[in-house]
Number of protein chains: 2
Amino acid sequence: MSIKVLVVEDEEAISHLLKYNLTAEGFEVSVVDDGDEALMAAEDFQPDIILLDWMLPNVSGIEICRQLRARSETRDIPVIMLTARAEEEDRLRGFDKGADDYVTKPFSMKELVARIHAVLRRTNPAATGNVVTFGDIVLDRETMRVTRGSVTVTLGPTEFRLLETLIKRPGRVYSREQLLDRVWGQDIYVESRTVDVHIGRLRKALNKGGLVDPIRTVRASGYALDETYSG
Amino acid sequence: MSIKVLVVEDEEAISHLLKYNLTAEGFEVSVVDDGDEALMAAEDFQPDIILLDWMLPNVSGIEICRQLRARSETRDIPVIMLTARAEEEDRLRGFDKGADDYVTKPFSMKELVARIHAVLRRTNPAATGNVVTFGDIVLDRETMRVTRGSVTVTLGPTEFRLLETLIKRPGRVYSREQLLDRVWGQDIYVESRTVDVHIGRLRKALNKGGLVDPIRTVRASGYALDETYSG
DNA sequence: TGCTCGCTGTCATAAATCTGTCATCAAACT
DNA sequence: AGTTTGATGACAGATTTATGACAGCGAGCA
């Protein structure tokens, strides 16, 4: 599954350039040229990262950024600001509003791509390597294998993705709806109670042999990996 | 509490220099000179930021970086790479492996300190946006956890929302009706005395172990967090 | 084609936990 | 003292979560 980039840019010269180059780099690119579309696309297209022009018609990039941060559906999507100005003042203001990085025009594609990767790594560190760990739990994307301690844990595809999702941010509570979105996909309709069942299956597999349950149920909210657990 | 820096550097000349200068700048500095130690120290010393030499004996800095990113315990610690080479190629590779910034030797202390602050500014706010505190009480929306001092406080959903509401404006007095509106929702009908009960429950959970009650009862008006309380 | 097998989603039921109300007592005001 | 307002334990009922059972699906295979 390729990385999805949403480009918000009104100058066609630039957006074309970006689309062309980023597509060549293997990203899946969607372009919009105005703020309202940006907000809609952010929810709809579910990009992994947003490249946001500072200067936009109607609404400024900063405002978009603020609004992205205000909605829980889009809050976690990292944003890189694209701007013509290089002044530190603006840079800080950008960060302040929730931008994750900042690229000054004109920029080299190479640098932009590197920064995209850097930001993704930082905000979604699990995307980095093929191996992620949490306490004594090791999840390997490459071999699709999970181990706990020295024991191999057998998981179905759904449980695997569920754990993969939870482990991205240990401690963070995911609602059933968020899990459905992330694990099952946005266009799938399943009962939200189904999440319970899969959490149960994941628990059973993970804790086989009487181990401590690393998954925390948060009543009326959802589930999380228990960050106080460490072995 | 000062900012903790972990320096991973095998050349003693440099690590001494760093330790001396960073300590003088008010950082708490720990130095290790090899990759495995670095990984251990990262978990153990819990630095706020890591300065990582590119060239290390045994394992390369890049590899360390990758491994730091794989573990949930160390995933969020930002990394600044120190390197002798200035080539863009390497720079990009560094970003690619998860570095947050990149400093080329020889560097001025001033620049390094500035970069440390810049990186911390960039990485911290995102992580702490969902946390509110009042005195020694910490409420984290992301993990849906409340702690007092170092103890986790167990709250039901209603008590959680109640505290969440009160903590938004410490000191402000909320009438029972206002609390019902904000905590229970506008279209719900419950006895206004029910608020008393939940305040009681919140108090019990919060003050377990004989702590000072941070909630102030305002006779004939309602409740508030006591702004004179601060620990 | 027909069969097995593992995985899924849903449901019914049991278990766990939380809630709202009331009765009663304590504290604060007049 | 009398009156009003808040604190609190008890409890029945309501919500929410856990779990076992089951039927449908689809891949792999004879």
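**Exercise 1. In this predicted model, find the ring that Lys4(A) lies over, then look at Lys4(B).**

Solution. Start in chain A: Lys4(A) lies over the face of Phe45(A), at 5.2 Å from the ring centre. Now hop over to chain B. There the charged end of Lys4(B) sits over the ring of Phe45(B), 5.2 Å from its centre. A charge counts as sitting over a ring if NZ of Lys is within 6 Å of the ring centre and within 35 degrees of the ring normal.

**Exercise 2. Track down the aromatic pairs and say what kind they are.**

Solution. Over all chains, there are 2 aromatic pairs to find. One is Phe134(A) with Tyr229(A), with 6.0 Å centre to centre and 35° between the planes, a tilted pair. Phe134(A) belongs to strand S6 (residues 131–134) of chain A and Tyr229(A) to the segment after S11, so this pair ties together parts 95 residues apart in sequence. Both Phe134(A) and Tyr229(A) are buried.

Next, chain B. The ring centres of Phe134(B) and Tyr229(B) are 5.9 Å apart and the planes are at 35°, so this pair is tilted. Phe134(B) is in strand S6 (residues 131–134) of chain B and Tyr229(B) in the segment after S11, 95 residues apart, which links distant parts of the chain. Phe134(B) and Tyr229(B) are buried.

**Exercise 3. Work out where Ala220(A) is found, and whether Ala220(A) is buried or exposed.**

Solution. Check the backbone: phi of Ala220(A) is near 70°, a positive value in a residue that isn't glycine. As for the place, Ala220(A) is in the loop between strand S10 (215–218) and strand S11 (222–225) of chain A. With a relative accessible area of 69%, Ala220(A) is exposed.

At 81% relative accessibility, Ala220(B) is exposed.

**Exercise 4. Describe the protein surface near DNA strand C, then pick out some polar contacts.**

Solution. Begin with who's there: 22 residues are around DNA strand C, and Thr158(A), Arg201(A), Thr158(B), His198(B) and Arg201(B) come nearest.

Sort the surface by class and you get 8 nonpolar, 6 polar and 8 charged residues. Helices H6 (157–168) and H8 (194–206) of chain A, along with H6 (157–168) and H8 (194–206) of chain B, each supply at least two residues.

Finish with the contacts:
- Glu191(A) has a polar backbone atom 2.8 Å from a phosphate oxygen of DNA strand C.
- Trp184(B) puts a polar side-chain atom 2.7 Å from a phosphate oxygen of DNA strand C.
- Arg201(B) has a polar side-chain atom 2.5 Å from a base oxygen of DNA strand C.

Key
Residues are numbered from 1 along each chain as its sequence is written. Chains are lettered from A and ligands numbered from 1 in the order in which they are written. This is a predicted model: local features need pLDDT of at least 70, side-chain atom pairs count only at pLDDT 80 or more; totals for chains, interfaces and linings use all residues. Side-chain values use heavy atoms; hydrogens and water are left out. A residue is near a molecule or strand if one of its heavy atoms lies within 4 Å of it. A polar contact is a pair of N or O atoms within 3.5 Å; within protein, one must be able to donate a hydrogen and the other to accept it, and residues adjacent in sequence count only if both atoms are side-chain atoms. Helices (H or I, at least four residues) and strands (E, at least two) are DSSP runs, numbered from the N terminus. Ala, Val, Leu, Ile, Met, Phe, Trp, Tyr, Cys and Pro count as nonpolar, Asp, Glu, Lys and Arg as charged, and the others, Gly among them, as polar. Buried means under 20% relative accessible area, exposed over 50%, partly exposed in between (1.4 Å probe, protein chains only). Rings of Phe, Tyr and Trp (its six-membered ring) pair if their centres lie within 6.5 Å; planes under 30 degrees apart count as stacked, over 60 as edge-to-face and the rest as tilted.
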